[in-house]
Amino acid sequence: MKNRSAIAIALRMSSCVAALGWSGGYAEISASRDFFSEDDLVILRLQAGRYILSDGIIGYRSDERTCIAFDDLVGALDFSIITDTAGARGWFIKESRQFELDIEAQTVTVEGKTAPFGPSDIYDDDGLLCITPDAAKAWFNISLAFDFENATMVVSSNEPLPVEEREARKKRRTQIQPTQVTAPLDGKEAATPYQWIGLPVVDASVSSSISDQSKQLNGDLLLTNELFKVSTELYASFNAETGVETLRGSFGRRSNSRSLAGPLKLTEIVVGDITSPQNRLSAGTDLGRGIMLSSFPLDQPDVFNMTELRGELLEGWEVELYRNDVLLDFQSSRPDGRYEFVNVPLLFGRNEFRLAFYGPQGQKREDYKEIFVGESQRKTGSADFLLSVTQQATPLFFEAGALDTPGKGELRLNSRIDYGLSENVTIGAGAASVFFDGERETYIDNSLRFRLGAFSVVADSSINLGGGKAGALAVQTSLGGINFTASHEEFFSYESERAPKQGNAFIKNRSALRADFVLSPSKSFSIPIAATVQQQQNDSGSKLLSGSLRTSTAFGSMSVANELNYSSLQDLDRNTESLTGTTLLSYYAKRLAVRTELAYDVKPIARVTRTTTTVDVPIDDRFGFRFGTGYEFEQKTANFTAGINYRFDNLSVGGFARLSTDGAYEAGINLTASFAKSPKAKKWAASSKNLARSGLIATRAFIDTNSNSVFDGDDTLMENAEFKINGRPAQHTQKADEGVTLITVSPYEPAALSIDMRTIDDPYLIGTENAESIIVPRPGTITLMDVPLSPSGEVVGTVFLFRNEEDLEMGDVELQLHNTNGEIVSKTASEFDGYFVFERVPFGDYRLSISPEQGARLNFTLKNEHKFSVTQSNDIIENLDVHLIAEIPAVPEQVED
């Protein structure tokens, strides 16, 4: 117990004891002597969560009743309430919550409502008010829980207490700065070496069904691993009758740290099934087997004003695409087990993409990607390059039923280099050779990118070595809250995958204008709008005019997006016009999730063409139902689906049924699970979450009793601890054995791992210098990171100044605590009566000193040096007397003239 607190409590105790023996008090209120004796007096520590609000609050405890000193309680809670002999008055938590206690009238008024109180609410011993836990609950809406064995009282509230609000404000202020870690902190990055043979991380899905056509047993398998010190990814789908239908794979390394291939400073080396990059004018994308080398930042778009997002999507899954929280599109799983969002427009400035995945058993996960358009993408004097060589449309292993597309198996090459000419100017060049339209075409591409005030400008040119050339100019900016993108392309007998012939005619020119803005009729209601107009003219004289208008908005948990697409083709012998639309609706509530798509035509015929709706009804976090319906208006067929699912910790199980009005039906069961084994776990962990494509961190929180930052000896695991990633609570976690928590994070992006101290009940446990580490996780491997917590103690004492032959208590003395390396680990200042305390001091050896600056300014020196050790058995160093001596400066001798 701290000295000052002990003195104060002793005074309070003496007054309480005196009150217990006094015969006065109000007749209407039962004095505490009627229920308590001197032996019932207790001194409690008040704690809110992990915050200690007071070291000593007076109370009484008998077999039947408990009460707490009213003045102590409201003071520790920072309630603005003043007590006197007549009662108490003031407010708590909010100024509108006025409080008044009238002892004489025996009434209490809270927020304007007056009610009587009695002996079961409050006691009065000669002005010492004592409140019961029931009264505290009724008046202040707080709960008091007692642990008399440890002399502790814990207060909790349905709303933040003043001390908790102060801490929340501190955290909000620190979050004004970006919390996304963009680079490892010096000396704290946790290295994860590549493995020769690692244990795989596996996502698996099995579906057994019976239909009007056949009986099926299908499955999907996505495996990531590290083999021979490279990242390995394998995807396979199988059928019980036909065997393995699809087998794809890729092998390589990826890292934004530019640490691959030594002096080449690559970010990506991949062999296997890869998606070749696209160029603005010449080559498009293609999935085939080959090799790709790149030093460009991972996930940087190939074309400055658009991007593509693609990946694996297991059977029965759906995915939604959001840009800056605006719903753009959604897709269901395809037979090839992939999803693709191509030519997704980029806005000037920040583009935050969110992919929301929904599994057949109610699983949900989200992936994020951020692209910033408009800033210089290359440092002055730096260069990045890319080389991709593949076989067109040819998988590494095989894909059953794949079509023999023109050019399949032909060699495909794409290369590019960018150089930062200045801070705002980047030049680039490249070459592409593709088999296209029955012939091999080779292109030389050039680009110039620069920033001009508020405008980002890109100029591209391309020459087909077989004949033809093309040029393009694009400008992107944001003016008055509106994002504009304008582009114009000119073609001269030029043909490519990005500019194919229209029949026998070459494209002559193309122009496009896009505007993205937000209408805000009110502060709580906004409508993002994206409008695009495109014009294309061919050398045959035909003109194609197209446009789209996308609007979206959100009403609480509902998101609605509608897109209209217009097309008009004017040719020598025809003039066609069409206007189609699609409406996407998503609604999410605690007990309901609805996703609806409505497709319709306006021109040439007004009609609804298709509608689909999926409804998920979660009963709780694990159990739910799914219903779906769809109607194809042209075929005049309706289909209905129903499903039931249950998500265990390590497995998701679902049953489903589909019925169509054309007589088709199907029913079956789905099983999905992921499997991984962390380095310290004895068993494989099975999870209902998808793990294979994620970065994985296995972590344990422990009390580091021997201060070596390693879990060993008598160290204790904190199995209920939760964690933070980049300052935010980790969203996707799962408990494994041996106290390990498995956390899924975005791969290849720095993740700062730390303990969420709000989940640590012991306020004397503190984070050590190793309590936060930067990790850059990779798919297919699990980074192990133990996070130590250090027990702490206190150093308590009094500062005295020796003057006039006596020691005087000295306030405002600046004190410092040094470790064995001489580093300052803590600072404090003595109070008016000389009392000081160093709180939450990690175990170790220390030396105490005064501030050299203050000592020099006031001519103070330490009379005695203090060295001590804070240990498990000696965690409170108290009664430490620090004696100062005031040195009297010498008076200079006067020299006579």
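**View 1. Strand E1 (residues 41–48) pairs with strand E12 (residues 152–157) in the parallel sense over three bridges.** The model is predicted: local features need pLDDT of at least 70, side-chain atom pairs count only at pLDDT 80 or more, and totals for chains, interfaces and linings use all residues. Residues are numbered from 1 along each chain as its sequence is written, and side-chain values use heavy atoms, with hydrogens and water left out. Strands (E, at least two residues) and helices (H or I, at least four) are DSSP runs, numbered from the N terminus. Two strands pair if DSSP finds at least two bridges between them. Arginine 45 faces threonine 152 in E12. On E12, six bridges also join strand E11 (residues 142–147), here in the antiparallel sense. Isoleucine 142 stands opposite serine 157 in E12. E11 and E12 make a hairpin with four residues between them. In that turn, alanine 151 has a positive phi of about 55 degrees.

**View 2. A disulfide joins cysteine 67 to cysteine 130.** A disulfide is a pair of cysteine sulfur atoms within 2.5 Å. By this rule the count is one disulfide. The S to S distance is 2.0 Å. The link of cysteine 67 and cysteine 130 is right-handed, with 95 degrees about the S-S bond. Cysteine 67 lies in strand E3 (residues 66–69) and cysteine 130 in strand E10 (residues 128–131), 63 residues apart. Both cysteine 67 and cysteine 130 are buried. Buried means under 20% relative accessible area, exposed over 50%, and partly exposed in between (1.4 Å probe, protein chains only).

**View 3. Arginine 97 and glutamate 159 meet in a salt bridge.** A salt bridge is a side-chain nitrogen of Lys or Arg within 4 Å of a carboxyl oxygen of Asp or Glu. The structure holds 21 salt bridges. For arginine 97 and glutamate 159, the N to O distance is 2.3 Å. Arginine 97 sits in strand E6 (residues 94–102) and glutamate 159 in the loop between E12 and helix H4 (162–174), so the pair ties together parts 62 residues apart in sequence. Both arginine 97 and glutamate 159 are buried.

**View 4. Arg280, Asp460, Glu489 and Arg510 are linked in a network of salt bridges.** Arginine 280 and aspartate 460 have their closest N and O atoms 3.6 Å apart. Arginine 280 is in the loop between E17 and strand E18 (286–294), and aspartate 460 in strand E30 (residues 455–464), 180 residues apart. Arginine 280 is buried at 11% relative accessible area. Aspartate 460 is buried too, at 14%.

**View 5. Glutamate 497 forms a salt bridge with arginine 412.** The closest N and O atoms are 2.5 Å apart. Glutamate 497 lies in the loop between strand E32 (482–492) and strand E33 (507–522), and arginine 412 in strand E27 (residues 411–422). Glutamate 497 is partly exposed at 26% relative accessibility, whereas arginine 412 is buried at 3%.

**View 6. Four strands form an open sheet in the order E57-E56-E59-E61.** The pairing is antiparallel. Strand E57 (824–829) and strand E61 (866–870) stand at the edges, each with a single partner strand, so one side of each has no neighbour in the sheet. Four bridges join strand E56 (residues 814–818) to strand E59 (residues 844–850). Leucine 815 stands opposite isoleucine 850 in E59.
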